[in-house]
Amino acid sequence: MSNQKALLLESKQGKFVVSDTFPKPTSPPAGELIVKVKAAALNPVDWKIQSYAIFVEKYPAVLGTDIAGDVEEIGEGVTGFSKGDRVFFQGYFTNEYAGFQQYTRVPAEVAAKIPEKISYDQAASIPLGLATAAIGLYSKQPAGVGLNPVFDPSVSFAGQPTLVIGGTTSVGQFAIQLLRFIKFEPIIAYASAHQFQFLKSLGATEFIDRKQVSFSELGAAVKKITSKPVKVVYDAYSDPESEQAGYDLLADGGSIVVTTGDQIKKKVDGKNVIAVFGNVQPKQNREFGREMYKRLTQLLEDETIVPNRPEEVPNGLAGIPDGLEKLKNNQVSGVKLIAHPQE
């Protein structure tokens, strides 16, 4: 068996080390692709796995769930892909499907071709953030709110207000775009003022400055913008205070999507909390993932969905731990950190 370079989390809550003797995947199973990884994005979940020992069960572990690269080998039964195709997809929390290595595997049904105008770095910025936003908003209950399970362009919530807390986060950016696609209006973004113009380009129409308005004041600030009932809130920030604030301003019958688990302590009957698991690989999300990935190349082509803004992490796999520290220390805003495993 030939070897490859990989970034390994050596042990539970251990250190990251680069290995150049990690087994390279060969002979893809039926229905799968082997992909040469050209770009892999960093996400908060990666440092949280190291710090809190979540999701991963076997060590040493390869992390990384945002991946773009070139099709290297094609498994039996796969149609629609050829060797050399540029593709992007979401990894999973097992070594064979992870991104912080030079080669990885993916089920072909949840991979998509990269449009010509999109770079590897841009493509790698998409999968996890988009999945977390889309599953939470579009997927059928109980996985999501169920607003548009098959990405039907005729679906319209025109005249209905919505709020995205943490609009500048990767997930928040995609939530704004998905809400624009189904014609919510106004789309209110709670974010830093210096990002308002950028968020407007994604579809946000009204803005609340998080540095001027506290979570306890958020409900009153929303009421100044709209007197209509708010029935959908997406909390991409998701700490106990933000979740409670979003929940409190929801109208009866409304839903809030949260990304780090349900931390809401004060609840009433008639409001729905969706604690989203933002990955298309597991069984409960796979059908929705197939629907999304069938449409994703075209959604990027016509700019219904635009990527996050990428920022390169230097030194290939060896640079990833420093990038994760920046994420952990809240030193990244409005961009997606991208590493290049082939360096």
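Q: What covers the buried residues of α4?
A: Keep in mind this is a predicted model. The cover over the buried residues of α4 includes the helices α3 (127-138) and α5 (196-202), plus the strands β8, β9, β11 (232-235) and β15.

Q: And how many residues of α4 are buried?
A: 11 of its 12, so the rest of the structure largely encloses α4. Among them are Val171, Phe174, Ile176, Leu178, Leu179 and Phe181. Ser170 and Gln173 are on the buried list too.

Q: What's the reach of α4 from its first C-alpha to its last?
A: 17 Å, for residues 170-181. That's close to the 16 Å you'd expect at 1.5 Å a residue.

Q: What about the phi of Lys183, which follows α4?
A: That one is positive, near 70°.

Q: OK, switching to sheets. In what order do the strands of the open sheet come?
A: There are 6 of them, and the order is β10-β9-β8-β11-β12-β13, with parallel pairing.

Q: Which strands stand at the edges?
A: β10 (206-209) and β13 (272-275). Each has a single partner strand, so one side of each has no neighbour in the sheet.

Q: How much are neighbouring strands of this sheet turned against each other?
A: By 15° on average, ignoring direction.

Q: Which helix packs on the sheet, touching β8, β9 and β10?
A: Helix α6, residues 218-225. The direction of α6 makes about 150° with that of β10.

Q: Zoom in on β8 and β9 for me: how many bridges do they pair over?
A: 4, in the parallel sense, between residues 162-165 of β8 and 187-191 of β9. For example, Leu163 sits opposite Ile188 in β9.

Q: New topic: β3. Is that strand mostly covered or mostly open?
A: Mostly covered: 8 of the 10 residues in β3 (32-41) are buried.

Q: Which strand do 8 bridges join to β3?
A: That's β4 (residues 66-74), and the two run antiparallel. Lys36 stands opposite Asp70 in β4. Then β6 (residues 103-107) is joined to β3 by 5 bridges, also antiparallel. There, Val35 has Thr104 as its bridge partner.

Q: And how many bridges join β3 to β15?
A: 2, with β3 and β15 (residues 335-339) running antiparallel. The bridge partner of Ala41 in β15 is Ile338.

Q: What do strands of a sheet pair through, anyway?
A: Backbone hydrogen bonds, in either a parallel or an antiparallel arrangement.

Note on methods. Residues numbered from 1 in each chain as written. Predicted model: local features only at pLDDT ≥ 70, side-chain atom pairs only at ≥ 80, totals over all residues. Heavy atoms only, no water. Pairing = 2+ DSSP bridges. Axes fitted to C-alpha atoms, helices over the stretch in contact; angles between N-to-C directions. Contact = heavy atoms within 4.5 Å. Buried < 20%, exposed > 50% of the residue type's maximum accessible area, 1.4 Å probe, protein only. Expected span 1.5 Å × (residues − 1).
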